[in-house]
Amino acid sequence: MKKQAISFEITHICKQSGARTGILHTPHGDVLTPMFMPVGTAASVKFISPEELYEMNAGIILANTYHCMLRPGEDIIEQAGGLHKFMNYNNPILTDSGGFQVFSLADSRKITEEGVHFKSHLDGSALFISPEKSIEIQNKLGADIIMAFDECPPYPVSREYMEKSVARTLRWAQRCKDAHQKEGQQALFGIVQGGEFKDIRRFSAQELVKMDFEGYAIGGTSVGESKETLYRMIDYSMIDLPKDKVKYLMGVGSSDALLEGILKGVDMFDCVLPTRIARHGTLMTSQGRVNIKRAEYADDFTALDPECDCYCCKNYTKAYLRHLYRSNEGLGTRLLSIHNLRFLIKLMEDARAAINEDRFLDFKEEFFKKHNLNSKDSRGF
RNA sequence: GGGAGGGUAGCGAAGUGGCUAAACGCGGCAGACUGUAAAUCUGUUCCCUUAGGGUUCGGCAGUUCGAAUCUGCCUCCUCCCA
């Protein structure tokens, strides 16, 4: 029997929708699925302390290999005793491999069969990440779940490019598996790619399944495609993935896409959207998106979201939040980030309850109806 | 009392005869953001409903085909000397 770092237990399948709830057992405790994972790229969920993350019922959070390698460096984090101790976060952590930076830092990198040459966005120095290097770093960072080093291809891209990219990412996936030194302590996930091409997505998934990963991610999403395309990408990716394994849709964080993803069988999501837009003054609320900067809130002394139970909504008014934002007071950034994160975490809690009560389809339809959404909205909410 | 320098859109500040309704910054108004190079970026910001038109650069009167830019007077502000 192979050593497993995590185990996934499906607890209920919704009779109405087929969506599922589960428990993911990790070295740092159990988390319930489906779940939303806050992103803490540089070993920090921007502006948010671990205590605040616990209070909002966050489970797994992310950190990023590329950014942690640059600062403070993986050796420092290893010396600290790993990410959990370094960050003082005791719930599970997942590290992304640096594959997304192949996409987001496309102007300053070169892909070769061996790996990816980056030009540091900090000082221009030459960096190199191979599948082996990414896994070595992630082994040192010590997260509960680590990701295979992949190419997150841009969108759209030619079929020819995608075929080559996916073939290389599959070779890299095997190399990641071979390089992994901490099986039994860290679960390694494979990442399905293939863009909008059904056969390539299926091929990618089938080949990854042969390699037998502890979990599977759907990647190459949230790179500029429409919601409709995103949903097709999920469908294509899911066809060949084993039902009993945990599935992770990467980079998706608008609430409509979360609910669609759950309906399609996704268990884990992550996204910078809630924290980023919070920093920019936009909030996800039960009343839809709210831009706290707007003049109309200057003397609005009601809560940001009357249906929200977060620290921000329980204690502060829109007028005060607007004042904090406009005055560039850090407290505003923190309160708004807390709210948006809690909004998505709560949405997942509600979704789990609906699944467990066999009414997830109703739940999703009510949510879409309430916010005037449909499955083709490109912007969504 | 003598001398010097100034008054430009909400604020600060360029511009010193036509390419100027007037750079730029701030402030204001609105928008975007999806495995984080993002406390960032974009649009807009004299008036009129667009094309376009109408009024502007302390005030008034001039010079000129044409003035925020030149001249005279008035007015206000700052600094230096008494």
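This is a predicted model: local features need pLDDT of at least 70, side-chain atom pairs count only at pLDDT 80 or more; totals for chains, interfaces and linings use all residues.
**Entry 1: rings**

I searched the whole structure for aromatic pairs and got 10. Rings of Phe, Tyr and Trp (its six-membered ring) pair if their centres lie within 6.5 Å; planes under 30 degrees apart are stacked, over 60 edge-to-face, and the rest tilted. Y66 and F118 make a tilted pair, with 5.2 Å from centre to centre and 55° between the planes. Y66 sits in helix α2 (residues 65-70) and F118 in strand β8 (residues 116-119), so this pair ties together parts that are 52 residues apart in sequence. Helices (H or I, at least four residues) and strands (E, at least two) are DSSP runs, numbered from the N terminus.

Next I took F367 and F381. Their ring centres are 6.0 Å apart and their planes at 15°, so this pair is stacked. F367 is in helix α15 (residues 360-370) and F381 in the segment after α15, 14 residues along, and the pair links distant parts of the chain. Both F367 and F381 are buried. I also found Y311, Y316 and Y320 linked into a cluster by ring pairs.

**Entry 2: cores**

How many residues does the largest nonpolar core have? I read 99, and the ones with the most contacts inside it are L259, I262, L304 and F360. Such a core is a set of buried Ala, Val, Leu, Ile, Met, Phe, Trp, Tyr and Cys residues joined through side-chain atoms within 4.5 Å. Helix α14 (residues 330-356) gives the most to this core, 12 residues. Another core lies apart from it, with 21 residues, including I6, M35, M37 and V246.

I then listed what L304 touches beyond its neighbours within four places in sequence; among its contacts are L283, V290, I292, Y316, L321 and L336 (contact means heavy atoms within 4.5 Å).

**Entry 3: RNA strand B**

I found 44 residues around RNA strand B, and S104, C152, S222, G251 and V272 come nearest (near means that a heavy atom of the residue lies within 4 Å). They divide into 14 nonpolar, 17 polar and 13 charged. Here Ala, Val, Leu, Ile, Met, Phe, Trp, Tyr, Cys and Pro count as nonpolar, Asp, Glu, Lys and Arg as charged, and the others, Gly among them, as polar.

A polar side-chain atom of T41 is 3.0 Å from a phosphate oxygen of RNA strand B. An N or O atom in the side chain of S222 is 2.3 Å from a sugar or linking oxygen. A polar side-chain atom of T275 is 2.7 Å from a base oxygen. Elements giving two or more residues to this surface include β5 (61-64), α5 (99-104) and α11 (273-279). The largest share, 5 residues, comes from α11.

**Entry 4: single places**

Is D300 buried or exposed? D300 has 18% relative accessibility and therefore counts as buried. I located D300 in the loop between β16 and α12 (311-315). Its side chain makes a polar contact with that of T302, at 2.5 Å (a pair of N or O atoms within 3.5 Å; within protein, one must be able to donate a hydrogen and the other to accept it, and residues adjacent in sequence count only if both atoms are side-chain atoms).

In helix α6 (residues 131-141), 8 of the 11 residues are buried, so the helix is largely enclosed by the rest of the structure. Just after α6, G142 takes a positive phi of about 80°.

I looked for cis peptide bonds. The bond from T33 to P34 is cis, with omega near -5°, and so is the bond from R71 to P72, with omega near 5°.

F47, a residue other than glycine, has a positive phi near 80°. At 44% relative accessibility, F47 counts as partly exposed.

Technical notes
Residues are numbered from 1 along each chain as its sequence is written. Chains are lettered from A and ligands numbered from 1 in the order in which they are written. Side-chain values use heavy atoms; hydrogens and water are left out. Buried means under 20% relative accessible area, exposed over 50%, partly exposed in between (1.4 Å probe, protein chains only).
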